[in-house]
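I opened this model with a notebook beside me. These are my entries, in the order I made them.

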Amino acid sequence: MTTSLKFFKQYHSIVIKALGEDAKKVNAKVGSIIADNWASNVGKFNNNAEFAQSFENYLRNQLEFATDVKIDCDENNYTLDIRGCAICHGNEILRNEGIATACPIVQAAKYAAVKKIGRNVVTNGIDKPGVVGECTIRFGLE
């Protein structure tokens with residue numbers, strides 16, 4: 001069986017539309033559940049690089065929402081580079097209709113760091129440098 005990008009992008013945009021005013025709250029909850037699913041199956045990490053590698057493997061090999069995910073995390077900065085993201089295609093439909101987008105991966109990444117490395121996480125920006133499905137999510141660690 002293959003995953004259909006056509007289905008997923010339509011599904012994502014329809015669910016966000018159906019949620020209406022609750023979309024932001026539900027998106028945050030979905031992100032926290034994604035992070036919890038990962039966090040409950042991993043142990044402690046000796047450093048931020050181990051955390052990044054484990055979470056990267058989960059996003060890449062378990063969720064498979066994108067063709068490529070690369071995570072870097074040092075003492076101050078935490079970055080996700082994503083290519084071929086299916087969620088972005090659904091968000092593009094929303095954006096074109098003037099509806100607020102929702103990405104649970106941003107919330108999952110923040111929650112994962114808080115939960116497993118015990119640091120507060122601040123979103124420093126989301127860059128969209130190329131085609132739909134590419135982004136760099138930048139966080140600072142406090």
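I began with F7, which is exposed at a relative accessible area of 54%. My cut-offs: buried is under 20% relative accessible area, exposed is over 50%, and partly exposed lies in between (1.4 Å probe, protein chains only). I then checked Y11, which counts as partly exposed at 47% relative accessibility.

A note on the source: this is a predicted model, where local features need pLDDT of at least 70, side-chain atom pairs count only at pLDDT 80 or more, and totals for chains, interfaces and linings use all residues. Residues are numbered from 1 along each chain as its sequence is written, and side-chain values use heavy atoms, with hydrogens and water left out.

**Aromatic rings**

I paired rings of Phe, Tyr and Trp (its six-membered ring) if their centres lie within 6.5 Å; planes under 30 degrees apart are stacked, over 60 edge-to-face, and the rest tilted. That rule gave me nine aromatic pairs. F7 and Y11 make a stacked pair, because their ring centres are 5.5 Å apart and their planes stand at 25 degrees. Both sit in helix α1 (residues 5-19), four residues apart, so about one helical turn separates them. I also found a cluster linked by ring pairs: W38, F45, F51, F55, Y58, Y78 and F139.

**Helix α1**

Helices are DSSP runs of H or I with at least four residues, strands are runs of E with at least two, and both are numbered from the N terminus. α1 has 15 residues and reaches 21 Å from first C-alpha to last, close to the 21 Å expected at 1.5 Å a residue. The expected span is 1.5 Å times one less than the number of residues.

Which residues of α1 are buried? I listed H12, S13 and I16. They cover an arc of only 90 degrees around the axis, so they lie on the same side of α1. I took the arc from the directions between the helix axis and the C-beta atoms. The face turned away from that buried side carries the exposed residues K6, F7 and A18. The buried residues of α1 pack against α2 (23-39) and α4 (86-96); contact here means heavy atoms within 4.5 Å. G20 follows α1 with a positive phi near 55 degrees.

**The sheet**

Next I traced an open sheet of four strands, in the order β1-β2-β4-β3, with antiparallel pairing. β1 (68-73) and β3 (121-127) stand at the edges with a single partner strand each, so one side of each has no neighbour in the sheet. I count two strands as paired if DSSP finds at least two bridges between them.

I went through the pairs in turn. β1 and β2 are joined by six bridges and form a hairpin with three residues between them. In this pair, C73 stands opposite Y78 of β2. Six bridges also join β2 to β4, where L80 has I137 as its bridge partner. β3 and β4 (residues 135-141) share six bridges, and T123 is partnered with F139 in β4.

Which strands does helix α3 (residues 48-63) lie across? I noted β1, β2 (77-83) and β4, with α3 running at about 165 degrees to β1. Axes are lines fitted to C-alpha atoms, for helices over the stretch in contact, and angles run from 0 to 180 degrees between N-to-C directions.

**Helix α5**

My last entry is α5 (residues 104-117), whose buried residues include P104, I105 and V106. Just after α5, G118 takes a positive phi of about 65 degrees.
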